[in-house]
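Here are my notes for your read-through.

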Amino acid sequence: MKAIFADKDLTIPEGVTLDVKARVVRVKGPRGTLIKNFKHVNMEITRVSKTKINLKVWHGARKHLACIRTISSHIENMIRGVTKGFEYKMRFAYAHFPINVNVIEDGTEVEIRNFLGEKIIRRVKMLEGVKVAHTTGGTKDEIAITGNDIQAVSQSAASIQQSCDVKNKDIRKFLDGIYVSEKGLLVKD
């Protein structure tokens, strides 16, 4: 069954400017600018007032109506990214051979050595706008991945985790790898 009309309002916080033109959303805040293209979704994105935007779907079926919430969540994540930023922390898990991780090229690339005692050097490049660094504090064997775009930060973390897949062994026994231990905002409230 189709719904004739469905909409959702989003409020824009202070210190953030949001521009919409032909379903391309540009969010500008204290940490930078994010641009995302939503032309693949058939919906209206209009600015109602200085602090509100409206998402509308006409004659939408169930899956099409679900896009309202999806796009609003994307825009909310963009707003959160340019105001507070995102941080993923990853821990190294190993039983015998200590994993050695070097951050190279000014935090835009990670070099993984001695994974399961292998001589191969794994290199993982971070996506644009993402930085990686060893965490400071009491925790050893931990890196922090930071950036404004949640999709780029989480994809970079996934690329690091997938580069350390255990091959030709029982993965129930060989739990070595680099895993996400904590997800959150860079600026804590």
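Which residue in β6 does Arg-47 stand opposite? The points below start there. Please keep in mind that this is a predicted model.

1. **The residue pair.** Arg-47 faces Ile-53, which lies in β6. The strands behind this part of the note are β5 and β6, the latter spanning residues 52-60. Their pairing is antiparallel and runs over five bridges.

2. **The sheet.** Three strands make up an open sheet, in the order β1-β6-β5. The pairing is antiparallel. β1 (3-11) and β5 (44-49) are the edge strands. Each has a single partner strand, so one side of each lacks a neighbour in the sheet. From one strand to the next, the twist averages 25°.

3. **The helix on the sheet.** Helix α1, residues 62-83, packs on the sheet. The helix touches β1, β5 and β6. Its direction makes about 10° with that of β1.

4. **Salt bridges overall.** How many salt bridges does a search of the whole structure find? The count is nine. Side chains of opposite charge can pair when their charged atoms come close. The next points take up some of these pairs.

5. **Lys-36 and Asp-149.** These two side chains meet in a salt bridge, at 3.3 Å from N to O. The pair links distant parts of the chain, 113 residues apart. Lys-36 sits in strand β4 (residues 32-37). Asp-149 sits in the loop between β12 (142-147) and α2 (150-163). Lys-36 has a relative accessible area of 16%, so this residue counts as buried, the cut-off being under 20%. Asp-149, at 22%, is partly exposed.

6. **Glu-111 and Arg-113.** Their side chains form a salt bridge, 3.0 Å from N to O. Is Glu-111 buried or exposed? Glu-111 is buried, with a relative accessible area of 7%. Arg-113 counts as partly exposed at 32% relative accessibility. Both belong to a network of salt bridges that also links Arg-123.

7. **Glu-118 and Arg-122.** The closest N and O atoms of this salt bridge are 2.8 Å apart. Glu-118 is partly exposed, at 31% relative accessible area. Arg-122 is buried, at 14% relative accessibility.

8. **Where to look again.** On the sheet, revisit Arg-47 opposite Ile-53. Among the salt bridges, revisit Lys-36 with Asp-149, and the network of Glu-111, Arg-113 and Arg-123.

Key. Residues numbered from 1 in each chain as written. Predicted model: local features only at pLDDT ≥ 70, side-chain atom pairs only at ≥ 80, totals over all residues. Heavy atoms only, no water. Pairing = 2+ DSSP bridges. Helix = DSSP H or I, 4+ residues; strand = E, 2+ residues; numbered from the N terminus. Axes fitted to C-alpha atoms, helices over the stretch in contact; angles between N-to-C directions. Contact = heavy atoms within 4.5 Å. Salt bridge = Lys/Arg side-chain N within 4 Å of Asp/Glu carboxyl O. Buried < 20%, exposed > 50% of the residue type's maximum accessible area, 1.4 Å probe, protein only.
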